[in-house]
Amino acid sequence: MGYTNEQIKLIASIVYKLANPHSENQKKVKSMVELLQGLGINVTKSGMINDEISGYVTKSEIDDKPEIVVNSSHGNFRRRFTMAHELGHLILHFKWKPFGLLDDNHGINIAYRKDIESYSFLQRTEEAEANKFAAELLMPEDKFLELMDLKDDQELSEYFGVSELAIRIRKKSIKKTRGTNLQ
Ligand SMILES: [Zn+2]
């Protein structure tokens, strides 16, 4: 149980490569919907009973593919992060393989993204891993390092299509893993 940050970074880069076979290296994700569909995942938008729920993964009733459902009342940047987060759960925790179907053992668990305080230890670990995966996918490290001293948080947010909060968290974790030379 549990993944290291390096493993999650590697898995995110492999997933990007599978979805973009002609791309030389990992770039920013232009469309999360297209990336997911390219991997064989159905994507739908829906209202949620509780607005704290950003999205969830389920098994499509039509074709047994995984289906990621995102909260239709949330903005574009938030929906992108939710989709990347749920993709992280699919691969890291449901053991789903790109282009594959979702088997019954793993398809019925619904992974919500909501207030983390109510989670158990295992759930918190999995939530943190899914967030890490989303950050590695949406803000690839090489590109982020290249731009982070040239642009401010708002420009980085626009460039990568994520919230400024996600940018600040990414900066912090990159500085931590890169040691003191960047601080
Ligand atoms: Zn989650």
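1. Let's start at Thr177, which is found in helix α8. Helices here are DSSP runs of H or I with at least four residues, strands are runs of E with at least two, and both are numbered from the N terminus. Thr177 counts as exposed because it has 12 C-beta neighbours inside 10 Å. For reference, a residue is buried if 20 or more other C-beta atoms lie within 10 Å of its own, exposed if 12 or fewer, and partly exposed in between, with C-beta atoms placed from the backbone. The C-alpha atoms of Thr177 and Asn5 are separated by 9.5 Å, although these residues are 172 apart along the chain.

2. A word on what you are looking at. This is a predicted model, in which local features need pLDDT of at least 70, side-chain atom pairs count only at pLDDT 80 or more, and totals for chains, interfaces and linings use all residues. Residues are numbered from 1 along each chain as its sequence is written.

3. Now the overall layout. The protein has eight helices and three strands, and along the sequence they follow the pattern α-α-β-β-β-α-α-α-α-α-α. Of its 183 residues, 36% count as buried. Among contacts with a separation of 6 or more, 64% join residues 24 or more positions apart; two residues are in contact if their C-beta atoms, placed from the backbone, lie within 7 Å.

4. Which residues touch the most other members of the largest nonpolar core? They are Leu36, Ile68, Ala84, Phe133, Ala134, Leu137 and Leu138, in a core of 39 residues. A nonpolar core is a set of buried Ala, Val, Leu, Ile, Met, Phe, Trp, Tyr and Cys residues joined through C-beta atoms within 7 Å. At least two core residues come from each of α1 (5-19), α2 (32-38), β2 (55-59), β3 (66-71), α3 (76-93), α5 (121-138), α7 (153-160) and α8 (164-177). The most come from α3, which gives seven. In soluble globular proteins, nonpolar side chains tend to be buried together.

5. Ile68 deserves a look of its own. Leaving aside residues up to four places away in sequence, Ile68 touches Leu36, Ile41, Val43, Gly55, Val57, Met83, Glu86 and Leu87.

6. Next, α1 against α5. Their axes come within 9 Å and cross at roughly 50°; axes are lines fitted to C-alpha atoms, for helices over the stretch in contact, and angles run from 0 to 180 degrees between N-to-C directions. The two helices are therefore oblique to each other, given that angles under 35 degrees count as roughly parallel, over 145 as roughly antiparallel, 65 to 115 as roughly perpendicular and the rest as oblique. On the α1 side, Asn5, Ile8, Lys9, Ile11, Ala12, Val15 and Tyr16 meet Glu129, Lys132, Phe133, Glu136 and Leu137 of α5. These divide into seven nonpolar, one polar and four charged residues; Ala, Val, Leu, Ile, Met, Phe, Trp, Tyr, Cys and Pro count as nonpolar, Asp, Glu, Lys and Arg as charged, and the others, Gly among them, as polar.

7. Helix α5 also packs against α3. The axes of α3 and α5 come within 8 Å and cross at roughly 120°, which makes α3 oblique to α5. From α3 the contact uses Arg80, Phe81, Ala84, His85, Gly88, His89, Leu92 and His93, and from α5 it uses Glu126, Glu129, Ala130, Asn131, Phe133, Ala134, Leu137 and Leu138. By class, this contact has eight nonpolar, five polar and three charged residues.

8. Apart from residues up to four places away in sequence, Ile91 touches Ile11, Val15 and Trp96.

9. Finally, two backbone points to check. Asp64, in the loop between β2 and β3, has a positive phi near 65°, and Lys95, in the loop between α3 and α4 (104-107), has a positive phi near 55°. Most residues other than glycine have a negative phi. Asp64 counts as partly exposed because it has 14 C-beta neighbours inside 10 Å, whereas Lys95, with 12, counts as exposed.
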